[in-house]
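User: I would like to learn how to read helix packing and sheet layout in a model. Please take me through an example.

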Amino acid sequence: MQISLTLNGKKVQADIAPDMLLLDFVRAQGCMSTKRGCETSNCGLCTVFLDDRPVLSCSVLAARADGHSVTTLEGLQEEAREFGAFIADQGAEQCGFCNPGFVMNALALFRENPEPSEEEIREYLSGNLCRCSGYEGQLRGILNFLEWKKKGGAS
Amino acid sequence: MRAVNQPVRKKDAMQLLTGQPVYVNDLAPEGCLIVKLLRSPHANALIEEIQTDAAKKVPGIEAVFTWEDVPQDGPRFTLAGQTYPEPSPQDRLVLDRHVRFVGDPVAIVAGKDEKCVDRALRMIRVNYQVLEAVSDFRTAKDNPVLVHPEDNWEALCPVGADNKRNLCAHDECGEGDIEAVLADCDIVLDRTFHTKATQQTMMEPFGTFCSIDTYGRLHIVSSTQIVFHCRRIVAKALGIPKSQVRVEKPRVGGGFGAKQTAVMEIYPAFVTWKTKKPSKLIFSRKECMTASSPRHEMQMNVRLGAMKDGRIRAIDLYTLSNTGAYGEHGPTTVGLTGHKSIPLYGKAEAFRFVSDVVYTNRMSAGAYRGYGATQGLFAVETTVNELAEKLGMDAAVLRQQNIIKEGDVMPAYYGETNTSCALDRCIARVKEMIGWDEKYPARDMGNGKVRGVGIGLAMQGSGISGVDVGSAALKVNDEGFYTLRIGAADMGTGCDTILAQIAAEVLDCSVDDVTVFGADTDASPYDSGSYASSTTFVTGKAVEQAAIELREKICALGAQLLGCEPGQVVFDGENVICETDGRQVSRAEIATASQCGNTIALEAARTHSSPTSPPPFMAGAAEVEVDLETGEARVIQYAAAVDCGTPVNPNLARVQAEGGILQGIGMVLSENITYNTEGKVLENSLMQYKIPTRQDIGHIQVEFESSYENLGPFGAKSIGEVVINTPLPAVTAAIHNATGLWFNELPITPEQIVLGRMRQDESLMKE
């Protein structure tokens with residue numbers, strides 16, 4: 001079937017199988033940041049934005065994105081660098097495999113709730129698993145980033 | 001220090017955080033064959049007949065391989081990645097007519113896309129002769145049913161293995177008259193513990209792609225911790241010369257030991273070697289959970305003898321380890337249950353440590369962070385915690401009275417001397433961090449919840465004494481930047497950066513001036529690989545030595561350019577300076593000169609191995625809140641003090657510790673592997689296998705109490721593994737202090753706690 005959508009700001013038309021997952025579609029389009037970590041919608045690695053809302057692309061058919069806008073981390077490089085630097089300063093990126101999904105969802109959180117509490121951070125990101133960091137370094141990075149943002153984001 | 005002990009960013013951090021394509025499945029060539037495996041539905045069976053004709057006719061299918069394509073009487077091999085001669089028995093074939101666990105590969109299918117491969121997999125018809133299975137590891141030894149009855153099973157090392165007894169390994173050691181000392185003790189605790197085959201659950205599933213290179217050789221790109229061992233394993237499995245195999249690792253999305261076993265490289269390698277076409281195999285999470293290399297399930301019997309004053313006099317440990325269907329890491333993991341728990345109690349007069357490792361018809365076990373020490377420390381430390389209670393002593397005070405000190409000889413640790421140790425300071429520090437004296441043993445919060453605190457100690461090694469080899473090659477390039485080539489594998493831990501920090505410290509330059517390349521069997525100097533907590537300590541020392549040698553070469557060429565003797569110059573990192581007249585030549589100028597009419601190679605390669613393995617130490621304390629009504633136990637605070645010698649990168653060491661601690665907490669509270677009666681793993685997805693989320697933990701606090709290890713680079717020891725060990729005993733003790741219940745089987749689930757409390761009530765009523 002034919003679909004047309006906006007992927008990272010660019011119009012894309014593609015002929016896809018009706019059962020193709022959005023995850024496989026964006027990877028086939030070269031958006032390799034989107035990772036598969038499970039088959040049961042548990043790990044959060046495949047998080048992308050569908051019309052600016054975070055979804056698990058392993059649980060969305062590519063056909064559902066027809067006529068919509070999809071954003072992967074490839075389309076958010078500036079924001080990813082800005083926020084990611086605070087995670088890097090903690091060494092909490094570690095193996096990196098969960099990073100794109102985690103960064104996407106964190107950016108979604110900041111858009112929705114620019115000043116989240118620690119509990120709100122934990123809750124919002126609870127679906128983003130990480131096996132390396134114990135989450136503590138990610139939390140420090142997020143809190144430092146929010147503090148920096150609060151002060152106007154000047155470096 | 002300028003570079004070492006500095007919290008510099010990981011060299012690859014921003015690439016990873018911005019989602020660049022750096023992992024196996026991002027780099028695999030487009031259009032390569034998709035490889036999948038048909039797996040056995042039976043725990044123990046012989047393949048009587050296998051029909052693949054229909055599967056081969058599915059459009060897009062390139063090849064279907066079965067046991068009939070693999071000589072069944074050929075040499076067997078192991079997938080364990082350790083130094084040759086590999087201690088794990090040689091017990092595998094690429095495809096075996098005899099399948100030994102639910103999930104054992106039956107056929108390899110390769111085709112142009114997933115759809116046709118999935119279809120072909122469904123069309124293979126197999127008739128099995130189902131055999132009785134060995135399902136309980138407690139009755140496996142000398143069971144009439146043999147997991148490996150075949151005659152071409154082979155043990156290369158004298159590890160006490162005997163396939164006709166289902167024995168993968170057996171060992172006994174000790175010192176002093178254990179029975180006499182135990183008989184003379186005021187109190188002897190005799191306890192049995194059981195831990196499960198928990199999964200590493202690295203976020204990146206196992207993945208490999210293969211192609212044939214320009215020279216007709218097999219080029220394997222894999223998410224592995226062991227490029228060199230992998231080359232050896234694949235060559236043996238395929239029966240081809242090692243010269244025909246090249247193994248390379250890109251970024252690795254976590255390993256934790258899982259990728260110290262070549263779990264899956266042989267399958268796409270087989271396909272590509274046979275078809276000469278590129279291929280890739282990426283495991284599903286289900287395959288990662290059911291046919292991989294988890295921790296060895298173990299049962300440990302501890303007999304601990306002490307006097308009323310708290311003096312621990314004897315430790316007797318028997319460990320039974322379940323290696324599953326194949327012997328990967330079986331003979332070596334079990335040793336750590338004793339050798340890395342008993343030495344903590346340095347005042348003991350006698351110890352005995354006996355172990356059996358048995359085959360069963362279960363998923364094969366492998367290496368997982370902690371590597372047996374985790375299980376052994378759970379058993380010994382929990383028994384020590386119970387001893388404190390029985391003696392009416394503070395568990396931390398009891399530790400201070402008995403622990404190993406710097407300078408002590410450790411009979412149970414291969415007779416090595418404890419050359420650096422701040423364990424006493426670690427204990428004092430965690431007590432402060434968690435508020436031990438105010439909180440021990442428990443506080444009733446008045447709302448149906450009780451908060452208990454508990455403590456546990458840990459040690460590990462720094463590489464394998466006299467075995468592990470680390471190498472480094474350093475060279476100077478244009479403008480004077482350095483390239484460091486290593487064979488160690490950065491799997492997210494940051495060893496590329498840490499090793500560059502060590503080089504930069506010696507070379508008096510910025511860490512940014514050192515680029516790192518690794519790991520590739522064609523280009524890297526030989527390294528055992530990244531496991532056994534070896535990289536910082538062993539490879540780090542090789543880097544230090546290579547950098548010292550390179551400095552000398554820079555000085556030699558600098559002196560030549562300045563027209564003076566090498567003895568007359570010094571190198572400050574930027575310039576080589578003639579001490580007699582102050583003339584100088586810069587590193588960049590020397591680099592340029594090295595590329596024109598030069599005969600002095602600005603390159604140095606060094607190999608290091610250590611005869612000893614100085615242990616890192618750690619104390620961990622948990623505060624756990626137990627809801628007495630629901631049985632829910634939650635770690636609200638975990639404090640840990642680590643002695644890893646000098647932390648080369650305090651940020652990365654801290655995150656290693658925090659991550660390891662949470663894995664340990666997962667093992668105590670939620671991670672479980674159970675089998676149904678057919679031998680099928682029930683926890684086969686992240687839905688059932690519960691690793692901790694960020695809502696399952698309060699705060700983890702880590703501090704360093706550093707000793708200085710003279711044998712390590714700049715005083716460093718290891719960090720990667722020791723950090724997973726303390727939560728098991730500490731959380732178990734905290735739950736005990738909150739509920740009065742001792743648990744000797746993990747995980748301790750809410751259900752277990754509620755059932756335990758019901759049994760408590762019943763026995764109270766009887767009284």
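Analyst: This is a predicted model. Start with a helix contact: A:Glu79, A:Ala80, A:Phe83 and A:Gly84 of H2(A) touch A:Val103, A:Ala106 and A:Leu107 of H3(A).

User: At what angle do the axes of helix H2 and helix H3 of chain A cross?

Analyst: The axes of H2 (residues 77-88) and H3 (residues 99-112) of chain A cross at roughly 95 degrees and come within 10 Å. Angles of 65 to 115 degrees count as roughly perpendicular, so H2(A) is roughly perpendicular to H3(A).

User: Now the sheet. In what order do the strands of the open sheet in chain B lie?

Analyst: Strands of a sheet pair through backbone hydrogen bonds, either parallel or antiparallel. In chain B, 5 strands form an open sheet in the order S7-S15-S14-S13-S8, with mixed pairing. S7 (167-175) and S8 (187-195) of chain B are at the edges; each has a single partner strand, so one side of each lacks a neighbour in the sheet.

User: How many bridges join strand S14 to strand S15 of chain B?

Analyst: S14 (residues 312-324) and S15 (residues 350-359) of chain B run parallel and are joined by 10 bridges. B:Leu320 stands opposite B:Asp356 in S15(B).

User: Which strands does helix H9 of chain B touch?

Analyst: H9 (residues 330-339) of chain B packs on the sheet and touches S7, S13, S14 and S15 of chain B; its direction makes about 155 degrees with that of S14(B). Helix H10 (residues 373-391) of chain B lies across S8, S13 and S14 of chain B, at about 35 degrees to S13(B).

Note on methods: Residues numbered from 1 in each chain as written. Chains lettered and ligands numbered in written order. Predicted model: local features only at pLDDT ≥ 70, side-chain atom pairs only at ≥ 80, totals over all residues. Axes fitted to C-alpha atoms, helices over the stretch in contact; angles between N-to-C directions. Helix = DSSP H or I, 4+ residues; strand = E, 2+ residues; numbered from the N terminus. Parallel < 35°, antiparallel > 145°, perpendicular 65-115°, else oblique. Contact = placed C-beta atoms within 7 Å. Pairing = 2+ DSSP bridges.
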